[in-house]
Amino acid sequence: MQSSSPEAYEATHVHSVYNAIAPHFSSTRHKPWPLISSFLTSQAPGAVGLDVGCGNGKYLPVNPSLHIFGSDRSDALVRLARTERNGEVVVADALSLPFRERSVDFVICIAVIHHLSTRERRQECIQALLKCVHKGGRVLVYAWALEQSSSRRGWDEGSEQDTLVPWVMRSKGKPDETFQRYYHLYRQGELEEDVVAAGGVVLESGYEKDNWWVICSNEA
Amino acid sequence: MKVLSLNFLTCAVKACKSSSSSYPLHPQDAELVQDEIELNPDMLINVLPRLDWAALRTTSSELGFPPLPEQAPTQEELQADEKLVRDLHHLLLETQISEGKLVCANCGHSYAVKEGIANFLLPSHLV
């Protein structure tokens, strides 16, 4: 489905879309998911962590006894994370992260890697996350599932994994505008395979709300 | 951005990661703002083992703060030293860089900080 480089493709079908839809997208993303909240609240007070692809920063205030730094590729979303949630945030690409290696206790990366358009780049991203945590630190990754026949999108095992998903922006007094976002929909077991290929160890994994998730580490 | 964050940030250029001169990044033309934040001694004492003390000393002196002890205190020492707890709280959490640049001493690239947000997106020739 791609004729251009993955970087250029993602610039068109991921980065520019999020910058264009940021306020509308953000207004639909307020409620933290329970499993992610419990991962954050289980961290020791004063622990240091990263939220890579923090979007509007909805996970940054979940546990106020943590030092948590957010990053996102979209400067529009990062500004929202700072102004609306007083988040400690930077603009950065998940494949060129500016964090000191082996420096933090945990990383969360929610709904990010499914926007990378080759398997190599998705695995490279997981590898980069694993490098940020100190030995044994935990990394929580969520990605959209292919198997979501009960969702309104209705994809299942037989659907195409690389797909464009429309985002319809409705604003008062303006015609609806549709943006196409690229997704790689993960099939069962694939996220664990990517963790192993990235040199990580899978500690826990599961399915929640149309997503596959994994908690992994850089050592057993 | 808080001074604490600077202790966890380094150059985004892959080729710089292996060079010790890429860390810490050096603030230039930094405008500082001070926020009053309630002191939470436990959060400060617990973050101590995660800090790179040598880098923090560099950052602190580059921002014009009084010198920090040469050696990092242990958690027990910090717990017993109210003044150092207050000083570190002020430096790490209450002091923010609102505008300026962060410069990598290895590649020379400079990252802009605007309205408290540093931008680490790289021009294509550095990716």
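This is a predicted model: local features need pLDDT of at least 70, side-chain atom pairs count only at pLDDT 80 or more; totals for chains, interfaces and linings use all residues.

Q: OK, how many helices and strands does chain B have?
A: Chain B has 5 helices and 4 strands, where helices (H or I, at least four residues) and strands (E, at least two) are DSSP runs numbered from the N terminus. Along the sequence their pattern is α-β-α-α-α-α-β-β-β.

Q: And how much of chain B is buried?
A: Of its 127 residues, 28% count as buried, a residue being buried if 20 or more other C-beta atoms lie within 10 Å of its own, exposed if 12 or fewer, and partly exposed in between, with C-beta atoms placed from the backbone.

Q: Switching to the interface, how many residues of chain B are in contact with chain A?
A: In chain B, 25 residues are in contact with 25 residues of chain A, contact meaning that the C-beta atoms of two residues, placed from the backbone, lie within 7 Å. On the side of chain B that touches chain A, α2(B) gives the most, with 4 residues. That side divides into 15 nonpolar, 5 polar and 5 charged residues; Ala, Val, Leu, Ile, Met, Phe, Trp, Tyr, Cys and Pro count as nonpolar, Asp, Glu, Lys and Arg as charged, and the others, Gly among them, as polar.

Q: Which strand of chain A is joined to β4(B)?
A: Strand β3 (residues 88-91) of chain A runs parallel to β4(B) and is joined to it by 2 bridges, and two strands pair if DSSP finds at least two bridges between them. Within β4(B), Ala118(B) is the bridge partner of Val90(A).

Q: Where is the cis peptide bond?
A: The bond from Tyr23(B) to Pro24(B) is cis, with omega near -5 degrees, and Pro24(B) is found in the loop between α1 (3-6) and β1 (26-34) of chain B.

Q: And what about phi of Asp210(A)?
A: Phi of Asp210(A) is near 70 degrees, a positive value in a residue other than glycine. Most residues other than glycine have a negative phi. Asp210(A) sits in the loop between β8 (201-208) and β9 (211-217) of chain A, and counts as partly exposed because 17 other C-beta atoms lie within 10 Å.

Terms used
Residues are numbered from 1 along each chain as its sequence is written. Chains are lettered from A and ligands numbered from 1 in the order in which they are written.
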